[in-house]
Amino acid sequence: MPHPMYDRIDRAILDHLQRHGRTPNVDLAEAVRLSPSSCLRRTKALEEDGVLAGYRADLDRERLGLGLTVFLSLKVEHSRTTSQVVEEALKAIDHVVACHVVSGDADFFVELAVPDLRTFEKVLTDQILAIGPIRDARSTFCIRTVIDRGPLPLTSWPAPRPSDVQRRQAG
């Protein structure tokens, strides 16, 4: 399905919400120079389109006792159902905070947040390596995080075509 085109106001709404997710609609409308009703309509449209995928709090891992971040490169046995089996098993592990299917030497790149090495070892041996199709796991430990989940660069978002802008304004 083709993606609708968005204008500078939609970008401003998304940019503001990325940086200040708890902004009340009235304050968001003021920040992007819209009426509250127009701002709410556009925000709801962005949610319905799936561009605005959700809202969440950004938690401090260290303060929550999850100060060790581990990245795992996983190689798996290849078959028709392998990826789905591994994906579902990884989704069920609480300490897995991100998982990517990748190209190159590994098949999956997994991020874990754990309190310490002992917990990591237990998660690795009892849960991850117990996933049948996994053939190899290589871990890399994070020493320090420089950038984490920063706002997406909306400047690379495609510019709207004039006809799309006119249709959105009419609707």
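**Entry 1: T43 and its contacts**

I began with T43, which lies in helix α3; helices (H or I, at least four residues) and strands (E, at least two) are DSSP runs, numbered from the N terminus. Leaving aside neighbours within four places in sequence, I found T43 in contact with I13, L17, L28, L52 and Y55, where contact means heavy atoms within 4.5 Å. T43 has 7% relative accessibility and therefore counts as buried. For this term I used under 20% relative accessible area as buried, over 50% as exposed and the range in between as partly exposed, with a 1.4 Å probe and protein chains only.

I note that this is a predicted model, in which local features need pLDDT of at least 70 and side-chain atom pairs count only at pLDDT 80 or more, while totals for chains, interfaces and linings use all residues. Residues are numbered from 1 along each chain as its sequence is written, and side-chain values use heavy atoms, with hydrogens and water left out.

**Entry 2: overall make-up**

I counted six helices and four strands in the secondary structure of the protein. Read from the N terminus, the elements follow the order α-α-α-β-α-β-β-α-β-α. Of the 171 residues, 29% count as buried. I then took the contacts with a separation of 6 or more, and 69% of these are between residues 24 or more positions apart.

**Entry 3: salt bridges**

How many salt bridges does the structure hold? I recorded nine, a salt bridge being a side-chain nitrogen of Lys or Arg within 4 Å of a carboxyl oxygen of Asp or Glu.

I looked up R42 next. R42 forms a salt bridge with D7, and their closest N and O atoms are 2.9 Å apart. This pair links distant parts of the chain, with R42 in helix α3 (residues 36-49) and D7 in the segment before α1 (8-19), 35 residues apart. R42 is buried at a relative accessible area of 10%, and D7 is buried at 12%.

R42 also forms a salt bridge with D10, with the closest N and O atoms 3.0 Å apart. Here too the pair links distant parts of the chain: R42 is in helix α3 and D10 in helix α1, 32 residues apart. D10 is buried, as is R42.

I also checked E47, which forms a salt bridge with K44, the closest N and O atoms being 3.8 Å apart. E47 and K44 are three residues apart in helix α3, so about one helical turn separates them. E47 is partly exposed, with a relative accessible area of 27%, and K44 is partly exposed, with 41%. Salt bridges that share partners join D7, D10 and R42 into one network.

**Entry 4: pockets**

Rolling a probe the size of a water molecule over the atoms shows where empty space is left. The search used a 1 Å grid over the protein atoms alone: a cavity is a set of points where a 1.4 Å probe fits but cannot get out, a pocket is an open set with protein on both sides within 12 Å along at least five of seven lines, and lining residues have an atom within 4 Å of a point. Grid points are joined across faces, edges and corners, and a volume is the space filled by probe spheres set on the points.

I read a volume of about 950 Å³ for the largest pocket. Its lining has 23 residues, and L17, Q18, G54, R56 and R149 lie nearest the centre. By class I noted 12 nonpolar, five polar and six charged residues in this lining; Ala, Val, Leu, Ile, Met, Phe, Trp, Tyr, Cys and Pro count as nonpolar, Asp, Glu, Lys and Arg as charged, and the others, Gly among them, as polar.

The second largest pocket has a volume of about 400 Å³. Of the 18 residues that line it, R61, V97, A98, E111 and R149 lie nearest the centre. β2 (96-101) and β3 (108-114) each supply at least two residues of this lining, and the largest share, four residues, comes from β3. I noted 10 nonpolar, one polar and seven charged residues there.

**Entry 5: backbone and cysteines**

Most residues other than glycine have a negative phi. I found that R33 has a positive phi, near 60 degrees. R33 is in the loop between α2 (25-32) and α3 and is exposed, with a relative accessible area of 77%.

I took a disulfide as a pair of cysteine sulfur atoms within 2.5 Å, and the count by this rule is zero. C99 is partly exposed at 34% relative accessibility, and C142 is partly exposed at 23%.
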